[in-house]
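Here are my notes on the model shown below.

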Amino acid sequence: MDSLETELERARALEESELADAIETIGFECTRCGACCKAESACGEGGESADEVDGPIDRSGENADSAETDAEPHTATVFPDEIRQLQAAGEYDFRDVARPMPYGLADGPDGPEGETFEWALQTDDCGDCTFYAEGDDGTGACTVHGDRPLICQTYPFSVALGGTSQPMGEAVDEEGVVRAHECEGLGRDLSRADAEELAAALKERAVRELTEAIGVRDNYRPVDPSAGQVVVHDSEGAKRPDGSPYE
């Protein structure tokens with residue numbers, strides 16, 4: 001793979017009009033099904049919660065008790081400044097918004113432990129995004145829609161550049177550098193204005209992901225967390241699960 005700096009220059013050189021053309025060709029309309037906001041399977045009967053595999057952190061910073069299921073919680077990357085924006089929008093605690101990215105953490109005797117990179121949006125006991133709400137008719141809604149992270153603004157699309165994220169598994173369609181991932185809204189007509197809005201957000205996300213990756217790399221300093229501790233490395237340095245600096 002080329003260097004992150006090379007990929008960043010490619011991201012900055014992306015033509016929004018070409019991205020919009022690709023999005024129009026693939027087609028998309030959000031059906032508000034909520035699939036991109038929810039865990040891979042629902043809570044069990046009687047209010048049982050999905051087992052948070054890989055040990056995500058709950059709002060209290062401790063491992064949540066949950067029933068054993070095969071469900072995997074919703075995982076969406078959120079940047080440090082996006083966390084702060086969501087905090088300000090609703091006066092949320094840091095841990096109401098984000099949790100350590102579960103990948104790479106070990107399951108210790110007192111919960112998850114070790115080092116990981118970046119943050120994921122917080123999840124509820126079912127493994128769904130904590131900001132997801134569902135009406136009586138089953139229609140999904142984002143309770144922070146105006147402040148939702150770029151990963152949410154651009155789903156189900158991504159760009160084929162090294163160092164950028166490819167959400168929800170392999171692409172199911174592609175056009176130029178644009179990839180489309182599993183979503184029931186694909187293939188539907190959308191206006192040019194909507195395609196251009198998506199294209200602008202998609203380019204911004206690609207640039208931000210690569211900028212963040214470079215920041216994580218440049219600010220990474222090895223640490224030796226004690227048993228039961230979690231350390232998150234983001235572009236601003238090493239942090240504790242509550243977002244405070246790890247010292």
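1. Terms and basis. Buried stands for under 20% relative accessible area, exposed for over 50%, and partly exposed for what lies in between, with a 1.4 Å probe and protein chains only. Helices (H or I, at least four residues) and strands (E, at least two) are DSSP runs, numbered from the N terminus. This is a predicted model, in which local features need pLDDT of at least 70 and side-chain atom pairs count only at pLDDT 80 or more, while totals for chains, interfaces and linings use all residues. Residues are numbered from 1 along each chain as its sequence is written, and side-chain values use heavy atoms, with hydrogens and water left out.

2. Helix α2. In α2 (residues 16–26), the buried residues are Leu19, Ala20, Ala22, Ile23 and Ile26. Viewed down the axis of α2, these fall within an arc of 160 degrees, so they line one face of the helix; the arc is that of the directions from the helix axis to the C-beta atoms. Glu18 and Thr25, on the other side of α2, are exposed. The cover over the buried residues includes β8 (157–159), β9 (171–175), β10 (178–181) and α6 (192–219), with contact taken as heavy atoms within 4.5 Å. Gly27 follows α2 and has a positive phi, near 85 degrees.

3. Helix α1. Leu4, Glu7, Leu8 and Ala11 are buried in α1 (residues 4–12). Down the axis of α1 the buried residues fall within an arc of 105 degrees, so they too line one face of their helix. α6 is among the elements that cover them.

4. The sheet. Four strands form an open sheet in the order β3-β4-β11-β12, with mixed pairing; two strands pair if DSSP finds at least two bridges between them. β3 (106–108) and β12 (237–239) are at the edges with a single partner strand each, so one side of each has no neighbour in the sheet. From one strand to the next the twist averages 25 degrees. β11 (residues 230–234) pairs with β12 in the antiparallel sense over three bridges, and Val232 has Lys239 in β12 as its bridge partner.

5. Helix on sheet. α6 lies across β4 (111–117), β11 and β12, at about 120 degrees to β11. Axes are lines fitted to C-alpha atoms, for helices over the stretch in contact, and angles run from 0 to 180 degrees between N-to-C directions.

6. Pro225. The loop between α6 and β11 contains Pro225, which is buried at a relative accessible area of 17%. Pro225 and Gly114 are 111 residues apart in sequence but 6.3 Å apart in space, C-alpha to C-alpha. Not counting residues up to four places away in sequence, Pro225 touches Gly114, Glu115, Val231 and Tyr246.
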